[in-house]
Structure formats: C-alpha cells, structure tokens
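The tour below says what to select at each stop.

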Amino acid sequence: MEDLVFQVRFWGVRGSIAVSGPQTARYGGNTACVEMRCGRHVLLFDAGSGIRPAGRALKGNVRDIDLFFTHCHYDHIIGFPLFALLYDPHVRLSVWSGHLAGQMTTLQMIEKFMRPPWFPARLDVCKANLSCRDFVSGDVLRPRSGVTIRTASLLHPGGCIGYRVEWGGRAVALVTDTEHIPGELDPAIVGLIGDADLVIYDCNYTEEEMPLRRGFGHSTWQQGVKLCEAAGARGLAIFHHDPGRTDTELAEIERQAKGAFAGAFAARDGQIIEFSRRTAGDDIAG
C-alpha cells in the first residue's frame, strides 16, 4: 500500500529557534523539517532541530534518502550534525541546495557549519554514502523515479528556495521563508502552488504584526490564504510558527484561517497528512 500514498510528515514547524514547555506542547517546538514520502521514496526538507527525531524514526528503515535545503539560516540547519542517518554506513544520502548557486556549493555549505568551533567534529566523521547536489533556482529536479521537483527563488535575506513536489498525480509545495509585498501576489509562488493538494506556507506573522517586521523575510497566514485562493490550491499548512506563539495563540490563528479558507490548518510536530495516488479519471478529493 505504501506505493500508493503520498505522505507528508511534519517533524519541525517552528521558525527562528526551537522552544519547549507546556505552552507549546500541542503544536510543538522543533524548527523546520518536513518529510515527504512519494511511495517508497523518502525526501526530507530542511534540517532544523526536527531532523533529530526524524533520524531516530528513519534509522534502520531507510537506505536511500534525499535532503533538500531551502536555505542555511540556523533554524534550518541546526539539527544536521545530529541526524542519525549521517552516521549509518548502510545509508545513501543525497543533499541538495540551490540558494547559494554561484557563491558556494552544497558540499562547501555543510562543511562550513559542521566543523570546529561550531561543532566538535568535521563532516568526515559521517559514515553514510554522502553525495552533494547543486542546482540553480528554476531547475526541475528528478531525484527519484516518478518524482518531479520544481524550484523557485523566494524573497528572504540571503536567498531561499521554494519547492513543489509532484508524484502520483499529487502536488505538495513548501514555501518558506518568504516575505510578501503588500497588495501583490508573488508570481513565482503562484507558479509553485498552482492546483496543489497542499501548500506549506511561511505564516510566521499576522498582517497586524507585519508593519514592524518588514525586511525580516517572513509572511502571514492571510497572505497564504490569498495565494491559495488565487492558485486554486486545496490545502494550506500554516508553518514556521513564531517561537513566541503559544498553543492558545496558534489555535486562534488556526480558527481564523479556517474561517477564511476551509483547507487551512496549523501544522504541528508529528502530524501526518496523506494523499492517495491519483490515476486517470480520479476526481480531486484526497
């Protein structure tokens, strides 16, 4: 049955820094890491603190895996040296990035942040069969049989890549971290999320908070709703939660978002969303 399912699992949904405590227990406190299973193929997006529990769950069960970075700010890379599969000699791990194209390769990037004094050991302690893959924004990637990934640049300090993963007649887009221009819909994002089954979108702020947050490189759930409506997307996962946001506050944001867009929900650590593989003649219900 696993060959017939496109599964999305959220391992980390926070932005900026990991948090813990009773006020964040429901939605979770790990930073960005999203797993997508396209049948038997396992893809991970970003290596925030959420990649640590992901690695524990995947260890011994996965031999081939692809890891895609949106960008390399701390909250999206901090868990990489603690990813258990890095140290498994039976694993083939492909690491992809494109946000630093022309400035730094993927290998150079991970070697920069996994070394003393930032981490006690260098990349050569890893036992996995590691390959690093570089691409340029706009490239169409085909990492595994039947899996197509479309890429685009997002508006974020230092650069960032958005992804659209297509498999089995389904499409899931990951659009984080990005800042919107008031009154405009980013055509690159609209292109990534068109007719998508699920859009995982940067909703770090609300529109009321944005005037004091311009230039920070993040967006709002209200903009996510506008984008999904314009692009005909069916689901919106509110993602990259502000680290100061409590469960009560996120529940209220989720309530308001659902009122504006029926397919909206606030993503939480450990949450799983599944879509059955679509064949010719199927309708769009998932």
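**Stop one: Ser-97**

Select Ser-97, which is found in strand S5 (residues 92-97); strands (E, at least two residues) and helices (H or I, at least four) are DSSP runs, numbered from the N terminus. This is a predicted model, in which local features need pLDDT of at least 70, side-chain atom pairs count only at pLDDT 80 or more, and totals for chains, interfaces and linings use all residues. Residues are numbered from 1 along each chain as its sequence is written, and side-chain values use heavy atoms, with hydrogens and water left out.

Ser-97 has 5% relative accessibility, so it counts as buried (under 20% relative accessible area; exposed is over 50%, partly exposed in between; 1.4 Å probe, protein chains only). Now show the side chain of Thr-106: the side chain of Ser-97 makes a polar contact with it at 2.6 Å. A polar contact is a pair of N or O atoms within 3.5 Å; within protein, one must be able to donate a hydrogen and the other to accept it, and residues adjacent in sequence count only if both atoms are side-chain atoms.

**Stop two: aromatic rings**

The structure holds 10 aromatic pairs (ring centres of Phe, Tyr or Trp, the last by its six-membered ring, within 6.5 Å; planes under 30 degrees apart are stacked, over 60 edge-to-face, the rest tilted). Select Phe-10 and Phe-239: their ring centres are 6.2 Å apart and their planes at 40°, so this pair is tilted. Phe-10 is in strand S1 (residues 5-12) and Phe-239 in strand S12 (residues 236-239), 229 residues apart. Both Phe-10 and Phe-239 are buried.
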